[in-house]
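Thanks for asking me to look this one over. Here are my notes, as numbered points you can follow with the model open beside you.

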Amino acid sequence: MNRSSRPARIVILGGGFAGIAVAQRLERRLRPGEGEITLISRENFSLFTPMLPEVSSGALDVRHVVTPIRSQLRRTHFILADVGGLDTAGRDVEITHTLTGRRERIAYDQLAIALGSSTSTFGLPGVAERVFALKTLEDAGILRNRLVWLLELADTTNDAALRRRYLTVVVVGGGFTGVEATGEFVELFHSVLRFYPSIDRAMVRIVLIEGGPVLLPGLPSRMGSYSAAFLRKRGVEILTGDGVARADDGGIVLQSGARIETATIVWSAGVAPAPTIGRSPLPRTKRGAIIVGRDFRVEGYNDIWALGDCAAIPDGAGGFYPLTAQHAIREGPVLAGNIVATLRGEATKPFHYTALGIMASLGARRAVAQLPGGRVLTGFAAWFLWRSYYLSRLPGLDRKLRVAFDWTLEMLFPRDIAELRVYSREAQSSAATDAGLAPRDELPHL
């Protein structure tokens, strides 16, 4: 069939902030018969990642921070599948249907890649096999269960060294995720230790490691110094200027030679683009991000675009835009507009965006925030702004109400310590083995 006699086939890879934003704007901009939109994602929901640390600590219910993709789109054909490969010459994408395993090739005329990122451990010895990431909903659920396991195990052992190891949690990476996760872990332990009378609060050790000189690198120093001071006040050990050298079954070894005995290492020190991108012929930076122009078009291609965490998007000042949710949400509509302009033979527009602000929650109703204009806000006011802003950005009134209700309950009652085995036996066993514990089914009956 001649291209001019049929609608353009527009394929979007990825169902996160960026991919959803592209599809939603295309639905509004395309004329009837001008294009057919297909979105491919390995999950049938989009995850509100800024609230993921609160899921890992039990403050929020796992289902309240996800929104079904189908409910957010009206004219887009959704396919639940993994992306296996990209044939730029044949202009199609290889996918594997998640539920059936059936393979299929999806042809495109315009392709938007928004596959996000994955955790990178930089090839450090023993690290990839033993750390817990905090990138996905499954990560958060497994980590929450993990913390409950450790409390139960510590409560039943008389071995002091083993108990110290169980009750030591190491967080690697002092960026947004690491700082917020650390604050949430403190909240969890402070909330539930009343149920474990044999465990004194002083026995719990939480260590936050940042390779740079300050927490929240790249942001105003006041934000990092306030975060460090507040977390230290709550009992967190903060090690800056030191990195990870290796990990083993007993713990973690730092570049300085210091060793920390621990059963749980939470890794938030680095990200890399999705593995699928590494198997494609597209041009990439040293860190693996797809090289694009300011209009999101992939260098050397007229029909492929990329945005979000998997792309290196020039900011016009010699750098690249940061990998944040607020940028991804704004990138999507501009890219969609450029696809429409290309279909109509019009000029594309460069992306330009000035961040509204940057915020990080520290737990205990405290946060840090950089406001437009560079002003820094700390403490309760920043925490209230953090919650208000992200609650407003949640898609759907039902999710907003559910999260608001969770937050209200969290102020009135302790965190839930029920161990929910909602994840696969393979995932549970892998999580246990990676940190030097027996697989879940082999743990002592408690």
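Which backbone oxygen does the side chain of Ser41 reach? The side chain of Ser41 comes to 3.0 Å from the backbone oxygen of Glu43, a polar contact (N or O atoms within 3.5 Å; within protein, one must be able to donate a hydrogen and the other to accept it, and residues adjacent in sequence count only if both atoms are side-chain atoms).

1. A word on the model. It is predicted, so local features need pLDDT of at least 70 and side-chain atom pairs count only at pLDDT 80 or more, while totals for chains, interfaces and linings use all residues. Residues are numbered from 1 along each chain as its sequence is written, and side-chain values use heavy atoms, with hydrogens and water left out.

2. Around Ser41. This residue belongs to strand 2 (residues 35-41); strands (E, at least two residues) and helices (H or I, at least four) are DSSP runs numbered from the N terminus. Ser41 is buried, at 7% relative accessible area; buried means under 20%, exposed over 50% and partly exposed in between (1.4 Å probe, protein chains only). Beyond its neighbours within four places in sequence, Ser41 is in contact with Gly14, Gly15, Ile69, Phe78, Ile79, Leu80 and Ala81, where contact means heavy atoms within 4.5 Å.

3. Thr67. Have a look at strand 4 (residues 66-68), where Thr67 sits. Thr67 is buried, with a relative accessible area of 7%. Its contacts, leaving aside neighbours within four places in sequence, are Phe45, Ser46, Gln72, Pro395 and Arg399.

4. The cores. A nonpolar core is a set of buried Ala, Val, Leu, Ile, Met, Phe, Trp, Tyr and Cys residues joined through side-chain atoms within 4.5 Å. The largest has 64 residues, and Met51, Val65, Leu151, Phe185, Ile199 and Leu208 have the most contacts inside it. Helix 4 (residues 137-156) gives the most to this core, with ten residues. Another core lies apart from it, with 51 residues, including Ala23, Leu282, Ala306 and Ala336.

5. Salt bridges. The whole structure has 22 of them, each being a side-chain nitrogen of Lys or Arg within 4 Å of a carboxyl oxygen of Asp or Glu. Arg234 pairs with Glu187, with the closest N and O atoms 2.8 Å apart. Because Arg234 lies in the loop between helix 7 and strand 13 (237-240) and Glu187 in helix 6 (residues 176-192), the pair ties together parts that are 47 residues apart in sequence. Both Arg234 and Glu187 are buried. These two also belong to a network of salt bridges with Glu54, Glu184, Arg387, Glu410 and Arg415.

6. Another pair. Glu94 and Arg103 join in a salt bridge at 3.7 Å, N to O. Glu94 is partly exposed, at 22% relative accessibility, whereas Arg103 is exposed, at 63%.

7. Which phi values deserve a look? Phe122 is not a glycine, yet has a positive phi of about 60 degrees; Phe122 is in the loop between strand 9 (117-119) and strand 10 (131-132) and is exposed, at 54% relative accessible area. Leu216, also not a glycine, has a positive phi of about 50 degrees. Leu216 lies in the loop between strand 12 (205-210) and helix 7 (221-233), and is buried at 1% relative accessibility.
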